[in-house]
Amino acid sequence: MSEVIYNRGNDTDPTTLDHHKTSTIAEANLMRELYEGLVVYNAKAEVVPGVAESWEVSDDGLKYTFKLRENAKWSNGDPVKASDFVFSFQRIQDPAVAAPYANMHYAIANAESVNKGEKKPEEMGVKAVDDRTLEITLGAPTPYFLELLTHQTGLPVHQASVEKFGNDFTKPGNMVTNGAYMLESFTPNDKIVMKKNPHFHDAANVKIDVVNFIPFEDRSACLRRFEAGEVMSCSDIPAEQMDYMREKLGEQVHIAPYLGSYYLPVKVKKEKLADPRVRHAISMAIDRDFLAKEIWRETMLPGYSIVPPGISNYNDPVFLEYKDMDILDREDKAKELLKEAGVEEGELSIELRYNTSENHKNTMTAIADMLKNIGIKTTLFEMEGTGYFDYMKQDGDFDITRAGWIGDYSDPQNFLFLFESDNLGFNYPRWENAEYDALMEKAETTIDLAERSKLLSQAEAIFLKEVPAIPILYYSSRALVSTKLKGWEDNIQDVHGTRYLSIEG
C-alpha cells in the first residue's frame with residue numbers, strides 16, 4: 001500500500017524545535033505532533049488521557065498523582081518514564097534554559113523560586129514515585145491545572161538525547177520524540193517532514209503516514225496552493241479575499257469561535273463616563289453584527305461577554321442582556337438611558353483611541369458613526385503600536401480605547417482576572433469593585449469546578465452590569481480544510497492533531 005501523505009499549511013517556520021523555548025502558535029502546532037504530554041487535547045479540544053492513563057487529585061487540590069500507561073514509548077523504543085517528566089519540568093524552570101513560558105508552571109510548588117535561581121531543581125514539587133507513577137504538588141489549588149498541561153510547556157523531553165547532544169537534540173537524526181510523529185527533516189522556508197512513529201501507543205489508529213508542514217507567512221500563497229490541490233489545509237486565510245473564498249470554496253472555509261475577546265476599556269473615573277448607564281448606552285449603540293460582517297469580513301464574531309463562548313470549566317456563561325435585541329430598539333433604549341443619566345442630546349463628546357491597524361481604524365470609525373445615532377460626538381485618535389499598551393498600563397488619559405486578549409489556557413479565570421482591582425498591568429479602565437475581587441479570590445481556592453463556575457459567572461455578571469470595558473467581538477480561528485480531509489473538528493483552541501485526521505480518495 002502506498003503511503004498516505006498530508007501537505008499541511010502552517011503560519012510560519014519555527015524559530016526552534018526545543019519546546020521549552022517555543023512561544024508561538026505555529027511552533028505549538030508542530031510540538032503537538034512530535035510529543036505527547038500527560039494529558040492531551042482530542043479532536044474537539046477536550047482534555048483526555050495522554051501518557052497518563054489515569055490520575056487522582058487530593059481533596060485539598062494540591063497533589064496530582066498520574067499513572068503512566070505501560071505501552072508509552074519514545075520513538076527509539078525506550079519506555080516513557082515518570083523520571084522523564086521530572087527532568088522536563090525541572091529543565092523548563094532552569095534559569096539557563098531561559099524558557100519564555102516558564103511561568104506557565106509556576107502553579108507547581110517552588111517552580112517560580114527555581115526559575116529565579118533561589119531554589120534547587122530538586123526542591124520543585126515533581127517526583128517520580130516509580131517508573132509509572134508521577135506526583136506533582138502545587139503551591140496552591142489550581143483547578144485548571146490539567147488545562148495547563150496540554151500546553152507545549154507540559155511536554156516531555158528525552159533526557160538521554162538532551163544530555164548527549166545539548167542544544168542539537170532537536171536536529172533530525174538526534175531528535176527522539178514520544179508523539180504520533182517523528183522528525184524526518186527540516187528545510188527552512190520549504191517544509192518540515194514528519195513520519196509516523198511506529199512506537200506510539202496508539203499507532204494503530206494513526207491513519208496518516210507522513211505530514212509535511214509547509215510555512216506560509218503570505219496567507220494568499222497558501223490559498224493558491226490549496227486551490228491547486230498542493231496543500232490540504234491552511235492554518236490561516238487572507239481576510240481580504242473572504243468573499244471570493246466563500247463563493248469558490250464554500251464549506252472548505254472554516255470560521256470558528258476562538259479563545260479571544262476584542263473589547264473597549266472605558267476610563268470609569270472620568271466624570272462623563274462614571275455612570276454605568278452612560279457606558280451601557282454606548283454599548284447598546286454599537287452594531288456588533290455590522291462590525292463582524294462588514295468591517296472584519298466575518299473573520300470576527302459579534303461579542304456580548306468578556307469570556308468567549310465554548311470555554312472550558314464554565315457551565316453558566318452570562319451575556320449583556322440586550323444581546324438579542326434589535327439594533328433600532330437598542331438605540332431607543334440607549335437614548336432613554338442617557339436621558340436618565342442627565343446627559344442631553346449632543347452634549348457628550350468622547351475620544352475613541354486605537355492602535356495603528358487598518359482593521360482597528362475601520363472599527364473605531366464605524367463605532368463613531370453608530371454613536372452619532374444616539375447624539376454622542378466623537379473624535380478618533382490613533383497611536384503607534386509600540387507605546388500604545390504601555391500608555392494604557394500606565395493609566396493614560398483616554399476616554400475609550402481598544403484592547404484584545406487571547407487566552408493562554410481555556411478557563412474563564414484567564415479573562416476575568418484582567419479586571420481585578422490590583423491587576424494594574426491589564427485593568428486599563430482602573431475599575432475597582434470589591435464584590436468582584438472577593439468572588440475572584442474565592443474562586444481561586446474553590447476546587448469543585450461546578451461551584452467555581454458559579455462564582456466566576458457571578459463575577460462576570462457584575463462586570464457586565466457595570467461594563468468598565470465594552471465587549472464587542474470574539475476572535476475566530478480561520479482555516480481552509482479540504483473536503484477530502486476527514487476528522488477536522490472546529491474547536492475553541494484551534495487544535496487539530498494529525499493523529500485524529502484521515503484522507504479520503
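Tutor: The side chain of T498 forms a polar contact with the side chain of E33, at 2.8 Å; a polar contact is a pair of N or O atoms within 3.5 Å, where within protein one must be able to donate a hydrogen and the other to accept it, and residues adjacent in sequence count only if both atoms are side-chain atoms. The model is predicted, so local features need pLDDT of at least 70 and side-chain atom pairs count only at pLDDT 80 or more, whereas totals for chains, interfaces and linings use all residues. Residues are numbered from 1 along each chain as its sequence is written, and side-chain values use heavy atoms, with hydrogens and water left out.

T498 sits in the loop between β18 (485–486) and β19 (502–503); helices (H or I, at least four residues) and strands (E, at least two) are DSSP runs, numbered from the N terminus. With a relative accessible area of 0%, T498 is buried; buried means under 20% relative accessible area, exposed over 50%, and partly exposed in between (1.4 Å probe, protein chains only). Leaving aside residues up to four places away in sequence, T498 touches Y6, R8, E33, Y181, I208 and V211, where contact means heavy atoms within 4.5 Å.

Two other loop residues take positive phi values. A45, in the loop between β2 (39–41) and β3 (47–49), has phi near 65° although A45 is not a glycine, and A45 is buried at a relative accessible area of 9%. D395, in the loop between α12 (385–393) and β16 (403–406), has phi near 60° and is likewise a residue other than glycine; at 41% relative accessibility, D395 is partly exposed.

Helix α7 (residues 242–249) has M242, M245 and L249 as its buried residues. These cover an arc of only 70° around the axis, so they lie on the same side of α7; the arc is that of the directions from the helix axis to the C-beta atoms. An α-helix has 3.6 residues a turn, so residues three or four places apart point the same way. The cover over the buried residues of α7 includes α6 (219–227), β12 (253–265) and β17 (469–481). The face of α7 turned away from its buried side carries E247 and K248, which are exposed. Just after α7, G250 takes a positive phi of about 50°.
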